[in-house]
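Student: I would like to learn how to read strands and helices in a model. Could you walk me through a case?

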Amino acid sequence: MTVQTATRHNALMGKPVAEEITRAVYQGVEDLASKGWPVKLVSITIGDVPAVHLYVRNQVRGAEKAGIMFEERHLPASVSRVEMLAMLQALNTDPRVTGVIIQRPVPNHLDIRELQTAVHPLKDVEGMHPASIGNIVYRDTSLAPCTAAASVELLKRTGLKLEGLEVVVIGHSEIVGKPIAFLLMAEGATVTVCHHMTRNLAVHSRAADAIFVAVGKPRFITPNMIKPGSAVIDIGINQIEEGGKHITVGDVDYDACAETAGWITPVPGGVGPVTVAILMRNALTAAQAQKRYYDQVFGGKSDTMVSVAPAE
């Protein structure tokens with residue numbers, strides 16, 4: 001299915017896709033709640049980063065639409081490693097909490113990988129625990145990283161057959177580029193991953209049926225770098241000054257590339273809304289997995305919720 005807009009017939013708009021996903025999540029959340037298993041997310045923000053506040057506001061709105069409880073915890077930038085690990089362990093063993101979000105970035109004295117690893121895999125709604133990443137290799141994409149999953153979801157909406165599709169991923173970060181590549185391979189696509197050491201990038205990108213771009217360089221991709229009729233998924237978010245105004249643009253020169261691409265995501269309005277919806281879908285998936293664990297342990301006979309985190 002191709003998502004269309006009145007301004008660009010080939011624009012892949014994120015809002016209708018996000019709304020569709022959220023409606024399905026809402027029904028699933030209602031079903032779980034009727035069985036006495038509410039879905040609740042806890043968001044942890046460390047320090048004061050303006051961009052993070054925007055992310056959290058979007059997540060709050062997404063949770064409200066999905067019928068998911070959302071608790072914000074704002075910690076000082078000075079919080080210690082020991083305090084953070086203790087908090088995460090407490091959340092892991094709290095049966096009232098079904099998902100944990102650690103907002104990025106975190107202060108330099110904290111190791112985000114260590115913190116993400118400390119979140120129990122069954123409560124890893126961001127899909128960033130090593131176990132969640134590793135599951136993708138085995139084609140288990142149920143709790144994939146949100147931005148990566150949102151990007152692939154938008155490609156699916158083009159109607160292109162992913163099996164055998166020639167795809168180029170530009171950018172190989174652990175939270176976006178690499179997971180996208182694994183998700184696409186799980187769908188049967190032929191994937192080339194390019195990065196800052198890639199020679200002749202345009203040779204690769206011009207041969208691709210679809211490209212994903214996440215490099216953090218404003219308008220980096222130009223029309224001569226894409227194949228006519230290809231799908232262009234822009235994951236970049238860059239703040240630049242133009243004409244005396246601060247504007248948000250992607251890693252793709254949207255106006256220029258829209259004349260060449262078959263499908264293209266705008267920035268803002270493309271991947272972003274779908275990422276929030278995927279986070280809510282992951283929250284539902286995590287809660288459902290916890291319910292199954294609970295039923296296996298207690299056979300559905302206990303009338304109280306219990307921790308899903310096994311004792312260390």
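Tutor: Happy to! Keep in mind that this model is predicted. Let's begin with a strand: β4, residues 166-170, pairs with strand β6, residues 210-213, through four bridges, and the two run parallel.

Student: Which residue of β6 stands opposite Val-168?

Tutor: That is Ile-211. On β5, Val-168 has Thr-192 as its bridge partner.

Student: In which sense do β4 and β5 pair, and over how many bridges?

Tutor: β4 and β5 (residues 190-194) are parallel, with five bridges between them. Together with helix α7, residues 177-186, these two strands form a right-handed β-α-β unit.

Student: Is β4 largely enclosed or open?

Tutor: In a regular strand, side chains alternate between the two faces of the sheet. Here, four of the five residues of β4 are buried, so the rest of the structure largely encloses β4.

Student: Which residues of α1 are buried?

Tutor: Gly-14, Val-17, Ala-18, Ile-21, Thr-22, Val-25, Gly-28, Val-29 and Leu-32. Their arc around the axis is only 130°, so they lie on the same side of α1. They pack against α2 (50-66), α6 (146-156) and α10 (271-298).

Student: And which exposed residues sit on the face turned away from that buried side?

Tutor: Arg-23, Ala-24, Gln-27 and Ser-34. Just past α1, look for Gly-36, with a positive phi of about 80°.

Notes: Residues are numbered from 1 along each chain as its sequence is written. This is a predicted model: local features need pLDDT of at least 70, side-chain atom pairs count only at pLDDT 80 or more; totals for chains, interfaces and linings use all residues. Side-chain values use heavy atoms; hydrogens and water are left out. Buried means under 20% relative accessible area, exposed over 50%, partly exposed in between (1.4 Å probe, protein chains only). Two strands pair if DSSP finds at least two bridges between them. A crossover is right-handed if, with the strands pointing away from the viewer, the path from the first strand over the helix to the second runs clockwise. The arc is that of the directions from the helix axis to the C-beta atoms. Contact means heavy atoms within 4.5 Å.
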